Amino acid sequence: MDSLDTALSRLPKVELHMHIEGSLEPELMFELAERNGIKLPWGSVEEIRQAYEFSDLQSFLDIYYAGADVLRTEQDFFDLTWAYLERCRSDKVRHTEIFFDPQTHTYRGIAFETVIEGITRALDEGREQLGISSRLIMCFLRHLSAEAAIETLEQALPWQRHIIAVGLDSSEKDHPPEKFQAVFDRARSEGFLTVAHAGEEGPADYIRQALDLLKVRRIDHGVRCVDDPDLVARLIAEQVPLTVCPLSNIKLRVFDKLEDHNLAELLRAGVCVTINSDDPAYFGGYIGENFSATASALNLSLADIDRLARNAIQAAFLDAERREDLLIELDNWRERCELGCG
Ligand code: ADE
Ligand code: ZN
């Protein structure tokens, strides 16, 4: 292992863009299908992995929603979340902010309560047993109606203490942020923070809409901002964080290859970019692999890695004390790297 790999493996990480349903590994999918008496459209784990060839976001979402059908009980949501947290432990993730998509489940007749209780029980145990702090972000599916999003927000109110923010995901093209302005207004008035996927496949204008109409604190993806130089200048001036997911962008063909990714260009221009995994079970890697593949494809320096990790700590929805602790951990890591100990 060379010294950058060692440094990356020891880097204390913060993840800000990870869909819990997207961490469903084929092995667990099979196990849950069996436990719940469900017949999957695939015959084996290998066959599932072979199906993970995507031409764009929609071709992925079709498979992702089919896979999520095995999640039925509170224990299923616990097992899913716990498996992700165990990966966090080996990747040195110290804090994670995960998305969940309640509509993917309530539309199949699974109670909101089943979903949130399984996820939060695992997050609580992760905090106690693994020392991993976490936040939960509830996403609205943008291919569904604004009315359905309002209904989902109302269902979430009794569980609000578990949910820090609302977000917007699923098929971006032709589903602009403005469609969800009213529900985001309502969410903010109830005390939720807001984030949104924008500028993944959709135009730079959707990033502007997310900022101006949905008043988001972070943009998820946002890589298409480069089509609008004034917008890039604004992102830098306002230090709006972008939660970038490099391996996802390659799998969903946002960029042809990792060497073409604009993350380093944005980082060096002063945009507050961060590295995340999106749907790690589908895109060939968790946050650790995203850091190492990106560092090698884009020749990231130790200073670049430090900046990315620092950006994520600054962009996280953390209290001051935890933020300070994580910054100290990062300073210690940097110092150790500079002493040449990796
Ligand atoms: N849901 C899960 N992953 C997503 C992505 N990359 N973009 C939009 N919606 C998603
Ligand atoms: Zn995403």
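Predicted model: local features only at pLDDT ≥ 70, side-chain atom pairs only at ≥ 80, totals over all residues.

Reader: In which helix is the place of Asp76?

Author: Residues are numbered from 1 along each chain as its sequence is written, and chains are lettered from A and ligands numbered from 1 in the order in which they are written. Helices (H or I, at least four residues) and strands (E, at least two) are DSSP runs numbered from the N terminus. On that basis, Asp76 belongs to helix α5 (residues 74-90).

Reader: Is Asp76 buried or exposed?

Author: Buried means under 20% relative accessible area, exposed means over 50%, and partly exposed is in between, using a 1.4 Å probe and protein chains only. Asp76 has a relative accessible area of 0%, so this residue is buried.

Reader: With the side chain of which residue does the side chain of Asp76 make a polar contact?

Author: Contact means heavy atoms within 4.5 Å, and beyond neighbours within four places in sequence Asp76 is in contact with Leu32, Arg35, Asn36, Val70 and Leu71. A polar contact is a pair of N or O atoms within 3.5 Å; within protein, one must be able to donate a hydrogen and the other to accept it, and residues adjacent in sequence count only if both atoms are side-chain atoms. At 2.7 Å, the side-chain partner of Asp76 is Arg35.

Reader: Which side chain makes a polar contact with the side chain of Asp304?

Author: Asp304 lies in helix α16 and is buried, with a relative accessible area of 10%. Setting aside neighbours within four places in sequence, Asp304 is in contact with Leu267, Arg268 and Asn299. The polar contact, at 2.6 Å, is with the side chain of Arg268.

Reader: Asn299 came up there, so in which loop is Asn299 found?

Author: Asn299 is exposed, with a relative accessible area of 64%. Although Asn299 is not a glycine, its phi is positive, at about 50°. Its place is the loop between α15 (287-297) and α16 (302-315).

Reader: And what is the phi of Arg253?

Author: Arg253 is in the loop between α12 (246-251) and α13 (263-269). Arg253 is exposed, with a relative accessible area of 53%. Arg253 is not a glycine, yet its phi is positive, at about 60°.

Reader: Let's turn to the ligand. What does ligand 1 sit in?

Author: A cavity is found on a 1 Å grid over the protein atoms alone, as a set of points where a 1.4 Å probe fits but cannot get out. A molecule sits in one if more than half of its atoms lie within 2 Å of its grid points. By that test, ligand 1 sits in the largest cavity.

Reader: Which helix gives the largest share of the shell around ligand 1?

Author: A residue counts as near a molecule if one of its heavy atoms lies within 4 Å of it. The residues surrounding ligand 1 include His19, Leu57, Tyr64, His197, Glu200 and His221. The largest share of the shell, four residues, comes from helix α4 (residues 57-67).

Reader: How much of ligand 1 does the protein bury?

Author: A polar side-chain atom of Glu200 is 2.7 Å from a nitrogen atom of ligand 1, and for His19 such a distance is 3.4 Å. An N or O atom in the side chain of His221 is 3.5 Å from a nitrogen atom of ligand 1. Accessible areas come from the Shrake-Rupley method with a 1.4 Å probe, and for residues only the protein chains shown count as cover. Taken alone, ligand 1 exposes 260 Å², of which the protein buries 100%.

Reader: Which side chain is joined to that of His197 by a polar contact of 3.1 Å?

Author: His197 lies in strand β5 and is buried, with a relative accessible area of 4%. Beyond its neighbours within four places in sequence, His197 is in contact with residues including His17, His19, Asp169 and His221. The polar contact of 3.1 Å is with the side chain of His17.

Key:
Heavy atoms only, no water. 1 Å grid on protein atoms, 1.4 Å probe; cavity = no way out; pocket = protein on both sides within 12 Å on 5 of 7 lines; lining within 4 Å.
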